[in-house]
Amino acid sequence: MGSAYRCWLSLICLVLVGCCWGSPALAAHSLPSTVAEAAQVSPQLARDGGIEHLSLTVARQRLEAIAEAMRSIRLCNRPNCRYRDIAVDVWPVDISIPNGGAEPFYEGSIDAIIDRPSGSLDKAHYRLQFRQGRWQLLGGEEVSDVSSFFFEGDTYEVFSAYGTRSHKAKLADASSNLRVGYRELYYRVFDQGQERLH
């Protein structure tokens with residue numbers, strides 16, 4: 001009789017546990033561990049659906065590191081033929097835009113002066129976007145008193161003050177005497193336009 005009673009009691013307990021499995025009462029017991037896990041997530045980097053979210057501060061730091069690498073580039077044989085007065089800007093993308101999706105999270109720009117042998121100070125402006133966990137160099141422009149270069153990805157187009165036609169080509173096909181900062185930036189600082197992740 002005692003063993004039958006214990007068996008019947010065990011069966012009732014199993015039924016009750018099965019009925020309550022999805023109840024709010026049991027969900028409340030699992031809540032503290034979920035909160036604890038959430039508290040351990042870095043405020044700088046979180047993962048949502050396999051996509052990394054960087055804080056604005058970290059995104060800016062990474063773009064500033066790219067700007068710092070630009071300072072070491074020599075654009076001609078003269079020692080002072082370099083980028084200078086480099087300034088970066090980063091802003092969040094409005095992901096509420098239709099068809100915007102979850103990415104990109106940030107856009108950025110790099111503005112600089114290029115000191116060249118001509119004696120004139122060329123102006124450079126580059127556009128970037130944070131996609132797939134890294135900065136991507138989208139394009140930009142370099143303008144001097146005699147020419148204007150426009151860049152889209154791995155393509156450039158140059159307009160000369162001495163001619164009426166522009167010339168368009170791939171960076172990889174350009175001759176070695178093409179002295180543009182963008183090409184050095186695209187291949188040496190970036191890895192074919194993608195931020196190098198160390």
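Of the contacts in this protein with a separation of 6 or more, 44% are between residues 24 or more positions apart. The model you have open is a predicted one, and its secondary structure comes to 4 helices and 11 strands. Across the 198 residues, 33% are buried. The accessible surface amounts to about 12600 Å², with 57% of that area belonging to carbon and sulfur atoms.

Before we go further in, a word on confidence. The average pLDDT is 75, and 66% of the residues score at least 70. Residues 11–44 have a pLDDT below 50, and this stretch makes 8 contacts in the model beyond near neighbours in sequence. Where pLDDT is low, the predicted coordinates should not be read in detail.

Now let us turn to the interior. In soluble globular proteins, nonpolar side chains tend to be buried together. Here the largest nonpolar core has 40 residues, and those with the most contacts inside it are Tyr83, Ile110, Tyr126, Trp135 and Tyr156. At least two residues of this core come from each of H3, S3, S4, S5, S6, S7, strand S8 (155–160) and H4. Helix H3 gives the largest share, 6 residues.

A search of the whole structure finds 10 aromatic pairs. In one of them, the ring centres of tyrosine 106 and phenylalanine 130 are 6.3 Å apart and the planes stand at 65 degrees, so the pair is edge-to-face. Tyrosine 106 belongs to strand S4 (residues 106–115) and phenylalanine 130 to strand S5, so this pair ties together parts that are 24 residues apart in sequence. Both tyrosine 106 and phenylalanine 130 are buried.

Another pair sits within helix H4. The rings of tyrosine 182 and tyrosine 186 have centres 6.0 Å apart and planes at 25 degrees, so this pair is stacked. Tyrosine 182 and tyrosine 186 are 4 residues apart in the helix, so about one helical turn separates them. Are these two tyrosines buried or exposed? Tyrosine 182 has a relative accessible area of 0% and tyrosine 186 has 9%; each is therefore buried, the cut-off being under 20%.

S5 and S6 pair in the antiparallel sense over 9 bridges, and leucine 128 stands opposite leucine 137 in S6. These two strands form a hairpin with 2 residues between them, and in the turn glutamine 132 has a positive phi of about 55 degrees. From S6 the chain continues into S7 by way of a hairpin through 3 residues. S6 and S7 run antiparallel and are joined by 5 bridges, with glutamate 141 opposite phenylalanine 150 in S7.

Histidine 125 has its place in strand S5. With a relative accessible area of 27%, histidine 125 is partly exposed. Leaving out residues up to four places away in sequence, histidine 125 touches Ser109, Ile110, Asp111, Gly139, Gly140 and Glu141. One of these, Ile110, is among the residues with the most contacts inside the largest nonpolar core. The C-alpha atoms of histidine 125 and valine 143 are separated by 8.8 Å, and the two residues are 18 residues apart along the chain.

Serine 147 lies in strand S7. Its relative accessible area of 17% makes serine 147 buried. Not counting residues up to four places away in sequence, serine 147 touches Glu142, Val158, Phe159 and Ser160.

Methods: Residues numbered from 1 in each chain as written. Predicted model: local features only at pLDDT ≥ 70, side-chain atom pairs only at ≥ 80, totals over all residues. Heavy atoms only, no water. Phe/Tyr/Trp six-rings, centres within 6.5 Å; stacked < 30°, edge-to-face > 60°. Buried < 20%, exposed > 50% of the residue type's maximum accessible area, 1.4 Å probe, protein only. Contact = heavy atoms within 4.5 Å. Areas by Shrake-Rupley, 256 points an atom, 1.4 Å probe, with all protein chains shown as cover. Core = buried A, V, L, I, M, F, W, Y, C linked by side-chain atoms within 4.5 Å. pLDDT = per-residue confidence, 0-100. Pairing = 2+ DSSP bridges.
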